[in-house]
Protein chains: 2
Amino acid sequence: MIEHGLDSGLDPELDAFYRVLERRRDVRAEFSGEPIDDDVLMRVLGAAHTAPSVGMSQPWDFVLVSDTEARARFREHVLGEREVFESQLDGERSQTFRRIKIEGILESSLGIVVTYDPQRGSPAVLGRHAIADAGLYSVCLAIQNLWLAATAENLGVGWVSFYREEFLADLVELPDGVRPVAWLCLGPVRELQRVPDLERHGWRRRRPLTEALHRERYGKR
Amino acid sequence: MIEHGLDSGLDPELDAFYRVLERRRDVRAEFSGEPIDDDVLMRVLGAAHTAPSVGMSQPWDFVLVSDTEARARFREHVLGEREVFESQLDGERSQTFRRIKIEGILESSLGIVVTYDPQRGSPAVLGRHAIADAGLYSVCLAIQNLWLAATAENLGVGWVSFYREEFLADLVELPDGVRPVAWLCLGPVRELQRVPDLERHGWRRRRPLTEALHRERYGKR
């Protein structure tokens with residue numbers, strides 16, 4: 001990871017941009033529960049909505065879930081899936097996992113269910129005839145825009161993925177064919193951790209960038 | 001879309017951040033072909049690599065393709081897939097599509113094949129046991145980081161998706177099981193269009209953000 005400190009020598013706006021990418025964390029324990037300013041929320045959702053999408057299909061939707069009862073039901077389901085995952089682990093992995101908080105559903109200020117509608121722009125979605133998943137990819141680009149904008153606004157985002165899609169689709173009453181892609185916890189935070197939780201708690205270490213780079217062909221450095 | 005002009009009233013760094021998201025385009029015709037500065041390229045790839053990933057698996061790789069012959073072979077394949085798609089269209093859609101350039105493979109300075117390795121971090125990828133696609137989602141988050149960083153650096157990015165995965169996997173010799181997610185054209189540009197190509201050429205109009213927002217349940221505004 002490139003460090004962009006005060007001495008980066010970069011243009012200040014460019015430096016500020018990279019610092020947003022570095023500050024971004026997947027937040028679980030640091031939500032303060034304070035309300036999100038409406039203007040800020042609309043800027044963050046607007047950022048998501050400016051993402052690129054295959055064939056300009058913009059196949060995403062955002063279901064804003066503030067109802068405490070719905071969030072509590074979702075959390076109960078997530079904790080059940082946590083147990084399913086934990087039961088697959090043994091020894092050190094299981095012990096390490098027990099230290100890790102995987103959601104901040106009730107502590108955050110808002111849940112956002114981000115969905116994918118494959119019918120949007122159909123039948124002829126430009127750029128999707130050969131790669132069916134391209135529509136799902138677009139939704140993820142919107143999520144990353146949202147995540148970064150929230151970070152720039154000093155909010156935290158936590159992506160919860162310990163759930164079955166059918167459960168979440170039922171919970172927020174998605175029409176047939178519309179698929180949930182993420183539950184995002186959003187809200188003000190007391191702080192953002194400098195090191196990702198999974199690294200701090202010894203689950204996994206980050207890989208050096210150079211290992212991910214290949215020249216002309218995979219495996220050629 | 002929220003407009004962030006000089007009178008946005010936002011903090012200047014925040015305003016600069018949002019302007020990157022708005023300037024970002026999916027580039028086809030505007031590549032200048034000039035070389036990419038090495039430091040800039042490494043910052044852009046570093047930005048991709050700081051993306052969040054399920055279970056911190058970082059399942060992405062980047063194959064940098066500069067070889068002209070390989071790029072020409074890929075372009076030929078893409079133009080064939082363009083014909084496949086065009087043959088599915090009729091009347092106005094077909095005529096409109098003919099005006100649209102779908103790739104800048106040879107005009108750009110570099111091709112980047114972004115890949116997904118589902119084995120990275122396996123067998124117990126934290127957060128993926130219930131949603132197999134979560135690994136693919138992570139790769140897309142890295143792509144959006146790359147795209148935005150390139151935009152901040154005044155480079156253009158064009159995501160080409162008119163290809164069969166097997167063809168591209170063969171071209172850059174991906175190991176079994178590793179899947180191509182994108183071919184990104186990268187390089188300096190003469191300019192960035194203000195309006196997306198597909199809207200300028202009458203393919204599709206952007207949807208208002210308000211239509212994508214739901215309260216508590218899908219369809220409830």
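Reader: What covers the buried residues of helix 1 of chain A?

Author: In this predicted model, local features need pLDDT of at least 70, side-chain atom pairs count only at pLDDT 80 or more, and totals for chains, interfaces and linings use all residues. Residues are numbered from 1 along each chain as its sequence is written, while chains are lettered from A and ligands numbered from 1 in the order in which they are written. A:Phe17, A:Tyr18, A:Val20 and A:Leu21 are buried in helix 1 (20 or more other C-beta atoms within 10 Å; exposed is 12 or fewer, partly exposed in between; C-beta atoms are placed from the backbone). Their cover includes helix 5 (134-152) of chain A, together with helix 1 (12-23), helix 2 (38-49) and helix 5 (134-152) of chain B.

Reader: Within what arc do the buried residues of helix 3 of chain A fall?

Author: Helices here are DSSP runs of H or I with at least four residues, and strands are E runs of at least two, numbered from the N terminus. The buried residues of helix 3 are A:Phe74, A:Val78, A:Glu81 and A:Phe85. Seen down the axis, they line one face of the helix, because their arc (of the directions from the helix axis to the C-beta atoms) is within 60°.

Reader: Is A:Ile100 buried or partly exposed?

Author: A:Ile100 lies in the loop between helix 4 (92-98) and strand 2 (110-116) of chain A. Because 15 other C-beta atoms lie within 10 Å, A:Ile100 is partly exposed.

Reader: How far apart in space are A:Ile100 and A:Asp197?

Author: In sequence, these two are 97 residues apart. From C-alpha to C-alpha, their separation in space is 7.4 Å.

Methods
Contact = placed C-beta atoms within 7 Å.
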